[in-house]
Amino acid sequence: PIVSILNKCENVSTLASCQGVSGTVRYKDHDIMTISPHARFAYIWFTHLPDSLAVQLSLHPAITYENTPHITLRATDDNTDFLSALQKLLSC
C-alpha cells in the first residue's frame, strides 16, 4: 500500500521494494534470519524521488536515505517501524 501511495505522488517513480524479513532468531548474541525470500531490512528503490521528500522522510529515525547505487529509502532496524513511519509521513 505504501508503494501505491508513493507512485501517486508528483515526480515520484518507484523501481522495486521489499517488506524485509518477517522473522529472526537470536542465538548467542547473534540475530539469524529465518529462511525468507526477503532482504533483512525493508526498502523502496526509486528511479526518481524529489530531494525535498527524501529529506523529509529520512529525518525519521526508522528511515535511512541512500543514493548509491539506487535512490533508496531503507529501514534502519525495525521493518514495521519503517513501514508505519512512511505511512504516517506521506502526504503527497
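Trainee: How do you know what share of the contacts with a separation of 6 or more comes from residues 24 or more positions apart?

Mentor: In this predicted model, such residues account for 54% of those contacts in the protein. A pair counts as a contact when heavy atoms lie within 4.5 Å.

Trainee: Happy with that. What makes up the order of elements from the N terminus on?

Mentor: The protein has 3 helices and 6 strands, and they run α-β-β-β-β-α-β-β-α.

Trainee: Why is strand β6 called mostly covered?

Mentor: Buried means under 20% relative accessible area, and 4 of the 5 residues in β6, residues 71–75, are buried. For the protein as a whole, buried residues make up 29% of the 92 residues.

Trainee: How do you know which way β4 and β6 run, and that they pair?

Mentor: Pairing needs at least two bridges. Strand β4 (residues 43–48) is joined to β6 by 4 bridges, so the pair qualifies, and the two run antiparallel. Within that pair, I44 stands opposite L73.

Trainee: Why is the contact of E66 with R74 called a salt bridge?

Mentor: The cut-off is 4 Å between a side-chain nitrogen of Lys or Arg and a carboxyl oxygen of Asp or Glu. The closest N and O atoms of E66 and R74 are 3.0 Å apart, so the pair meets it. The structure holds 1 salt bridge. Side chains of opposite charge can pair when their charged atoms come close.

Trainee: What makes I32 part of a nonpolar surface patch?

Mentor: Patch residues need over 30% relative accessible area. I32, in strand β3 (residues 30–33), is at 40% and counts as partly exposed, so I32 passes that cut-off. Together with V25 and Y27, I32 makes a patch of about 280 Å². The accessible surface of the protein comes to about 5900 Å², and 53% of that belongs to carbon and sulfur atoms.

Key
Residues numbered from 1 in each chain as written. Predicted model: local features only at pLDDT ≥ 70, side-chain atom pairs only at ≥ 80, totals over all residues. Heavy atoms only, no water. Buried < 20%, exposed > 50% of the residue type's maximum accessible area, 1.4 Å probe, protein only. Areas by Shrake-Rupley, 256 points an atom, 1.4 Å probe, with all protein chains shown as cover. Patch = residues over 30% accessible without salt bridge, like charges linked within 9 Å, V, L, I, M, F, W, Y side chains within 5 Å.
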